[in-house]
Amino acid sequence: MAFPRSSGILLHPTSLPGRFGIGDLGPEAYRFVDFLVEAYQQLWQVLPLGPTGYGDSPYQCFSAFAGNPLLVSPEMLVEDGLLSPSDLDAAPSFPEDEVDYGLVIEFKTSLLRKSFEKFETQAPQVLKEDFSTFCQQNSFWLEDFTLFMSLKDAHGGAAWVTWASDIASRQPEAVSRWTQHLADSIRAHKYFQWLFFRQWWALKKYANERGVRIIGDVPIFVAHDSADVWAHPELFYLDEQGNPTVVAGVPPDYFSATGQLWGNPLYRWDVMAQDGYAWWIERVRATLSVVDIIRLDHFRGFEAYWEVPGTEDTAIHGRWVKGPGAALFEAIQKSLGQLPIIAEDLGVITPPVVALRERFGFPGMKILQFAFATGVAKMDKPYSYPRNCVVYTGTHDNDTAIGWFTGSSTPEERENALKYLGTDGREFHWDLIRLALSSVADVAIIPLQDVLGLGTEARMNYPSRASGNWRWRFRHQMLTDEIRHRLKEMTEIYGRAPAAGKESLPAQGIS
């Protein structure tokens, strides 16, 4: 699917400002949508929205279907009568520039449970009916997920492979017994999911009505300690104890000399093919209820993926194994129609990967920092980009534009950039933004850190670092009128501004 000429901002909701320690789906999210509209941006790209586990990574979630309750806005709960204003008075003094996940989890969990108690005793019938409808419509994933999370709570957060063998292997009698024992906890987790989706769908509707579409990530793999693997072990390569026999990663690359050992269990694609890839169809269907466009992470893994023995400490000793290829996308397309997908095709890309992407018309990704790189990270120069692609100044895995220019790039790479751009580098972030917006790429996406001209301190993720990522937040006063006007003007100059009657991609949502 080719997208109309447009541009947007990459910003995960956790990075929004606010008084509760982490960005959420409340007033600041709506204010950010207003900024996008005023700056002529038509796209808002977010990272995966699922409930995060180890390392707080949105790419290692407890479910491929659930939402992250930490994003629920306490202020919106007060508006809905599901909290009292006084309940917010006990908010700790959180840092403004980063997320302290430990402190946030403790505070938000307590607040959500207080809201659940209020809902059970005082909520009006209309809200209880809406909750009931949500539970019925999402039962295909909600039942497994909420039992899984309640079991984790009951086991002190321990991974499911450490539970008693009868419930770890989902023996029917154990499932029935635990479901009855944890009934209150299960209902609470269903309530937390209802809150997330209720707030997210309202925010998405607000954005769509103002011409802003949401791009959301679908990671190719799921976390081992997740409801998905626990509920569907037959779909993954696991031993008798439930541990992965082979895991996902990538070979040595720009980010790491030993490769990246992600540790995710690998799919048994042959088993998935037997029912027409039903699990993947439901995953994509569910994702398109919360976003308008999917960025399919690690697209090359669908053609061939890097398989590493589960006993390895690095990703060096792996091998390439064929993925499902076109059969998967044909099955999804047959069920759901034309797919609004952006293919994250970075890394080791072979002709078969390109052929698979082009067969379905998925636009690939171009990273401007890599256009000036040397060695394995080097990519095409912007003058050779195709129209059907998405250009980024950088992604959540990159340093910021300023951080790259002043620190993480080599002198040769900086010189390459300055010569190509014809600039002295005094406003390098704006030079790179101009290059992205002026390119022939149909879509241009700019991380908010680059719009703000921030350095490495605002980097979202270091791919080879296990902890300390995903913490950055901005302050609202950073979005000045000058920045808004400059981005708006540049967007208009290069033909990416919305216009009456201009071709656009309709919102997808299923709410």
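User: Which residues lie nearest the centre of the second largest pocket, and how many residues line it?

Analyst: In this predicted model, the second largest pocket is lined by 50 residues, and those nearest its centre are Phe-197, Trp-201, Ala-286, Ser-289 and Val-290. The space in this pocket comes to about 870 Å³.

User: Which element gives the largest share of that lining, and how do the lining residues divide by class?

Analyst: Helix H8 gives the largest share, with 9 residues, while H4, H5, H8, strand S3 and H11 each supply at least two residues. By class, the lining of the second largest pocket holds 27 nonpolar, 14 polar and 9 charged residues.

User: How are two packed helices described, and at roughly what angle do H16 and H17 cross?

Analyst: Two packed helices are described by the angle and the distance between their axes. Here the axes of H16 (residues 401–408) and H17 (residues 411–421) come within 9 Å and cross at roughly 130°, and the two helices are therefore oblique to each other. Trp-404, Phe-405 and Gly-407 of H16 make the contact with Glu-413, Arg-414, Ala-417 and Leu-418 of H17, a contact with 4 nonpolar, 1 polar and 2 charged residues.

Conventions:
Residues are numbered from 1 along each chain as its sequence is written. This is a predicted model: local features need pLDDT of at least 70, side-chain atom pairs count only at pLDDT 80 or more; totals for chains, interfaces and linings use all residues. Side-chain values use heavy atoms; hydrogens and water are left out. On a 1 Å grid over the protein atoms alone, a cavity is a set of points where a 1.4 Å probe fits but cannot get out, and a pocket is an open set with protein on both sides within 12 Å along at least five of seven lines; lining residues have an atom within 4 Å of a point. Grid points are joined across faces, edges and corners, and a volume is the space filled by probe spheres set on the points. Helices (H or I, at least four residues) and strands (E, at least two) are DSSP runs, numbered from the N terminus. Ala, Val, Leu, Ile, Met, Phe, Trp, Tyr, Cys and Pro count as nonpolar, Asp, Glu, Lys and Arg as charged, and the others, Gly among them, as polar. Axes are lines fitted to C-alpha atoms, for helices over the stretch in contact, and angles run from 0 to 180 degrees between N-to-C directions. Angles under 35 degrees count as roughly parallel, over 145 as roughly antiparallel, 65 to 115 as roughly perpendicular and the rest as oblique. Contact means heavy atoms within 4.5 Å.
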